Amino acid sequence: NPGLIHRCMEAWFNLAEAVCAAHQQHLTFDELFFAEDICYNVSSLISPDMMREFLFPYYTQLISNIKARQPDKEHMHIQIDTDGYAECVIDIYREIGMDAMSPFEVASGCDVVRVGEKYPDLVISGGMDKRVLARGRDAIDRMVDRIMPPMRRRGGYLPTSDHGVPEEVPFEDYIYFRQRLLEYAK
């Protein structure tokens, strides 16, 4: 029922537009974050054509309206957050101006080093395998030392877990992980 989907998206747009307009009376947006979760373990949940038909008209109108209300014309990042194999939708979302993406779920085959090489101007957040954090410090070292050197050289990378940190990760190992990341911040 395409009409129903469009009505749902119109309702979403009207709410998002009202909320954004109210906030923009008091502040300038530096990022618009879409928590999309449009992917699963091997692909997107809907086709690129469906994304263009059912999502993009509303997204592009919201983005346009927000940009028109900005008091300054500084760059506003458009970030898409999706679980699953996100690499398959990067080119599609770039059509609406997406320039930031997260969290790059490793269990679904995402690799921030590979994505960073292919899309040097994409701001990337995530990509640190949450499961590795539970495997101890040697595993953490291998992960950090594989990802951080090329991503530090590249820039535009916010190194974070690809999802919430699991409860089986000892707090001390999580602190160790964060300290290892800080070594690359110097």
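Author: Ile124 has a relative accessibility of 0%, so it counts as buried; buried means under 20% relative accessible area, exposed over 50% and partly exposed in between, with a 1.4 Å probe and protein chains only. The model is a predicted one, in which local features need pLDDT of at least 70 and side-chain atom pairs count only at pLDDT 80 or more, while totals for chains, interfaces and linings use all residues. Residues are numbered from 1 along each chain as its sequence is written, and side-chain values use heavy atoms, with hydrogens and water left out.

Ile124 is part of strand S4, residues 123-125. Helices (H or I, at least four residues) and strands (E, at least two) are DSSP runs numbered from the N terminus. Contact means heavy atoms within 4.5 Å. Setting aside neighbours within four places in sequence, Ile124 is in contact with Met101, Phe104, Val112, Val115, Gly116, Met151, Arg154, Gly156, Tyr157 and Leu158. Of these, Leu158 is 34 residues away in sequence, with a C-alpha to C-alpha distance of 6.2 Å from Ile124.

Leu122 touches, among others, Met101, Phe104, Val115, Arg154 and Gly156, not counting residues up to four places away in sequence. Its list also includes Ile90, Arg94 and Met98.

Next, the sheet. Five strands make an open sheet in the order S1-S2-S3-S4-S5, with parallel pairing; two strands pair if DSSP finds at least two bridges between them. S1 and S5 (157-158) are the edge strands, each pairing on one side only. S2 and S3 (residues 100-102) run parallel and are joined by three bridges, and Ile80 stands opposite Met101 in S3. S1 and S2 also pair in the parallel sense, over five bridges, with Glu31 opposite His77 in S2. From S1 the chain crosses through H2 to S2, a right-handed β-α-β crossover. Right-handed here means that, with the strands pointing away from the viewer, the path from the first strand over the helix to the second runs clockwise. S2 is mostly covered, as four of its five residues are buried.

The core comes last. A nonpolar core is a set of buried Ala, Val, Leu, Ile, Met, Phe, Trp, Tyr and Cys residues joined through side-chain atoms within 4.5 Å. The largest one has 52 residues, and Tyr93, Met101, Phe104 and Leu122 have the most contacts inside it. Two or more residues come from each of several elements, including strand S1 (31-35), helix H2 (48-69), strand S2 (77-81) and helix H4 (112-118). H2 gives the most, with eight residues. In soluble globular proteins, nonpolar side chains tend to be buried together.

Buried residues make up 45% of the 186 residues. Among contacts with a separation of 6 or more, 69% are between residues 24 or more positions apart.
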